[in-house]
Amino acid sequence: EHRLSYESKLKCAQHSVSKKLLEIALAKKSNLIASADVTTTQELLDLAEKTGPHIIALKTHIDIISDFDYEKTILPLKELALKHQFLLMEDRKFADIGNTQELQFTSGVFKITDWADFVTSQVIGGFESLDCFRNVGVVAIVGMSSKGTLTTNSYREEALKIALSHPNVIGAVSQHKVPEDILLFTPGVNLADSGDGKGQQYNTPQHVFKTLHTDFIIVGRGIYKAEDAEKAALTYKNEGWNAYLQSLEKNP
Ligand code: UP6
């Protein structure tokens, strides 16, 4: 059983952010997204500089940066994204009514709308709750990687209906296969560990490309906790790319 290539997905991609992601993936031969779960601006920028050449996007949780300052945090981050050609993915996991999400997206200190190329959102608020993410791509949280998640089969089925029909949605976060018309982003990827003692569950890049036909892997601690984050990013990049190439092969 084989999968669609990035080239064929690029041909039918509708959203400008899906196109960019697929173009960067092909240009860099990478399907790696580094998750920057660090808590200072310096660590965030260091990680972006080190991993930048190897990643297609840097995933942030901008609200964990303790010294956040738009000028000092976001402006240099945007420069690094331009320099190394990666996109910015804010993992905000919005989960409210449309009006509140719109305020969280555009206001406060983070002003996510001004810098993120794409954001994650729960779809628990229903189809129209995603309307506010007009100028970005949305990755819908369809299934979670943690033990005991409430994203059951029936939840995922309903969540996918919203994801597939909403024009702002470019993809889904899930630990299960999704239809090939949207991109699949898979966190919970680590080469060394199977869990973190706090409910996280890990798989290898090989596993998620083979069984889920994922498009992009998201790696946090496997990279930013490594002694050499640059080297670790390169390792995950190569593992991910080889696993992708293998998943393209037709097995008779
Ligand atoms: N993430 C998951 N699982 C999900 C959705 N999101 O782990 O189902 C996010 C976490 C974290 C990253 O919020 O930022 O992906 C995983 O980090 P890790 O590789 O260090 O476990």
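This is a short talk on the structure shown above.

Two ground rules before we start. Residues are numbered from 1 along each chain, as its sequence is written. The model is predicted, so local features need pLDDT of at least 70 and side-chain atom pairs count only at pLDDT 80 or more, while totals for chains, interfaces and linings use all residues.

Let's take the whole protein. It has 9 helices and 8 strands. Those are DSSP runs, numbered from the N terminus: helices are H or I with at least four residues, strands are E with at least two. Along its principal axes, the C-alpha trace spans about 55 × 40 × 40 Å. A compact globule of 252 residues would have a radius of gyration near 18 Å; this protein has 17 Å, which agrees. That radius is taken over C-alpha atoms, and the globule rule is 2.2 Å times the number of residues to the power 0.38.

There is a record to mention. The UniProt annotation, from an unreviewed entry, reads "domain: Orotidine 5'-phosphate decarboxylase" and covers residues 31-236. UniProt positions are in the numbering used here, feature names are shortened, and annotations may be inferred rather than shown by experiment. In the model, that span is 33% helix and 19% strand, and its end C-alpha atoms lie 9 Å apart.

Now the inside. Of the 252 residues, 44% count as buried. Buried means 20 or more other C-beta atoms within 10 Å of a residue's own; exposed means 12 or fewer; partly exposed is in between; C-beta atoms are placed from the backbone. In soluble globular proteins, nonpolar side chains tend to be buried together. Here, the largest nonpolar core has 66 residues. Such a core is a set of buried Ala, Val, Leu, Ile, Met, Phe, Trp, Tyr and Cys residues joined through C-beta atoms within 7 Å. Ile33, Ala34, Val138, Ala140 and Ala172 have the most contacts inside it.

Which residues does Val138 touch, leaving aside neighbours within four places in sequence? Among them are Phe118, Leu130, Phe133 and Ile170. In contact means that two C-beta atoms, placed from the backbone, lie within 7 Å. Across the protein, take contacts between residues at least 6 apart in sequence: 66% join residues at least 24 apart.

Next, helix α4, residues 70-84. Its 15 residues should span 21 Å at 1.5 Å a residue; the end C-alpha atoms are 20 Å apart, which agrees. The expected span is 1.5 Å times one less than the number of residues. Which residues of α4 are buried? Thr73, Ile74 and Leu77. Just after α4, Gln85 takes a positive phi of about 55°.

Compare helix α2, residues 16-28. Its 13 residues should span 18 Å, and its ends are 18 Å apart, which agrees. Its buried residues include Val17, Leu21 and Ala25. Lys29 follows α2, with a positive phi near 50°.

Last, two loop residues. Gln14 sits between α1 (6-12) and α2. Buried or exposed? Gln14 counts as exposed, because it has 9 C-beta neighbours inside 10 Å. Asn135 sits between β4 (118-122) and β5 (137-141). Asn135 has 13 such neighbours, so it counts as partly exposed.
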